[in-house]
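User: Good morning. I would like to go through a structure with you, step by step. May I show it to you first?

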Amino acid sequence: MSRGIFHGRTLARSQALQLLFQAEQTGRSVEDVLAGDYSLSDGPLDDYGRALALGADALCPMLDRILSRTSENWGVSRMPSVDRNLLRMALYEMLNVDEVDVAVTIDECVELAKAYGTDESSRFVNGVLGRVASQIADGVNVAEA
């Protein structure tokens with residue numbers, strides 16, 4: 001994973017992504033990762049990053065259902081781990097953090113996909129999150145659709 005230099009909420013999102021990734025790779029919850037040794041490219045852990053990681057981890061089954069319905073021709077298990085965890089975090093933020101505009105979440109996560117993902121990650125992340133944003137704008141309750 002290549003890393004950029006991030007600040008503010010972008011850094012917090014980067015930290016959340018790293019925690020979600022570590023949890024998935026070690027078969028633990030984010031809470032368990034935080035209780036032990038964890039690694040961040042830049043620290044200390046931001047409170048917003050902690051909240052995003054814990055929130056996305058807690059709602060992972062619902063977020064994965066949304067991803068399954070929204071990602072064209074890609075099962076959640078087939079997605080690269082970075083993309084999958086970035087999408088989970090972004091969906092959590094889009095659905096649960098009212099003070100952050102959906103467009104900001106998408107833009108920030110596309111930038112993180114460029115930094116941490118594959119060459120195709122940013123387009124894939126943008127497409128999936130754009131479809132979810134359109135559904136939300138149309139009044140669809142994506143959590144229950």
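User: At what angle do H1 and H5 pack, and how far apart are their axes?
Analyst: Please keep in mind that this is a predicted model. The angle between H1 and H5 is about 125°, and their axes lie 9 Å apart. H1 is therefore oblique to H5.

User: Which hand does the crossing of H1 and H5 have?
Analyst: H1 passes H5 in a right-handed crossing.

User: Which residues make that contact?
Analyst: On the H1 side they are Arg13, Ala16, Leu17, Leu20, Phe21, Glu24 and Gln25. H5 contributes Ser81, Val82, Arg84, Asn85, Leu86, Arg88, Met89 and Glu93. By type, the residues of this contact divide into 7 nonpolar, 3 polar and 5 charged.

User: Let us turn to the charged ones. How many salt bridges are there?
Analyst: The count comes to 6 salt bridges. As background, side chains of opposite charge can pair when their charged atoms come close.

User: What does Arg13 pair with?
Analyst: Arg13 forms a salt bridge with Glu93, and their closest N and O atoms are 2.9 Å apart. Arg13 belongs to helix H1 (residues 8-26) and Glu93 to helix H5 (residues 81-96), so this pair ties together parts that are 80 residues apart in sequence.

User: Are Arg13 and Glu93 buried or exposed?
Analyst: Arg13 is buried, and Glu93 is buried as well.

User: And which residue does Glu24 meet?
Analyst: Glu24 meets Arg84 in a salt bridge, with an N to O distance of 2.9 Å. This pair also links distant parts of the chain, as Glu24 is in helix H1 and Arg84 is in helix H5, 60 residues apart.

User: What about Asp64: where is its partner, and at what distance?
Analyst: Asp64 forms a salt bridge with Arg88, the closest N and O atoms being 2.7 Å apart. Asp64 lies in helix H4 (residues 60-70) and Arg88 in helix H5, so the pair ties together parts that are 24 residues apart in sequence. Salt bridges that share partners join Glu24, Asp64, Arg84 and Arg88 into one network.

User: How far is Tyr92 from Thr105, by C-alpha atoms?
Analyst: The C-alpha atoms of Tyr92 and Thr105 are separated by 10.0 Å, and the two residues are 13 residues apart along the chain.

User: A change of topic: how do H6 and H7 pack?
Analyst: Helix H6 (residues 102-116) and helix H7 (residues 121-137) pack at an angle of about 160°, with their axes 8 Å apart. H6 is therefore roughly antiparallel to H7. Their crossing is right-handed.

User: Which residues make the contact there?
Analyst: H6 supplies Val102, Ile106, Cys109, Val110, Ala113 and Lys114. H7 supplies Ser121, Ser122, Val125, Asn126, Leu129, Gly130 and Ala133. The residues of this contact of H6 with H7 divide into 8 nonpolar, 4 polar and 1 charged.

How values were computed. Residues are numbered from 1 along each chain as its sequence is written. This is a predicted model: local features need pLDDT of at least 70, side-chain atom pairs count only at pLDDT 80 or more; totals for chains, interfaces and linings use all residues. Side-chain values use heavy atoms; hydrogens and water are left out. A salt bridge is a side-chain nitrogen of Lys or Arg within 4 Å of a carboxyl oxygen of Asp or Glu. Helices (H or I, at least four residues) and strands (E, at least two) are DSSP runs, numbered from the N terminus. Buried means under 20% relative accessible area, exposed over 50%, partly exposed in between (1.4 Å probe, protein chains only). Axes are lines fitted to C-alpha atoms, for helices over the stretch in contact, and angles run from 0 to 180 degrees between N-to-C directions. Angles under 35 degrees count as roughly parallel, over 145 as roughly antiparallel, 65 to 115 as roughly perpendicular and the rest as oblique. A crossing is left-handed if the near helix is turned anticlockwise from the far one by less than a right angle, and right-handed if clockwise. Contact means heavy atoms within 4.5 Å. Ala, Val, Leu, Ile, Met, Phe, Trp, Tyr, Cys and Pro count as nonpolar, Asp, Glu, Lys and Arg as charged, and the others, Gly among them, as polar.
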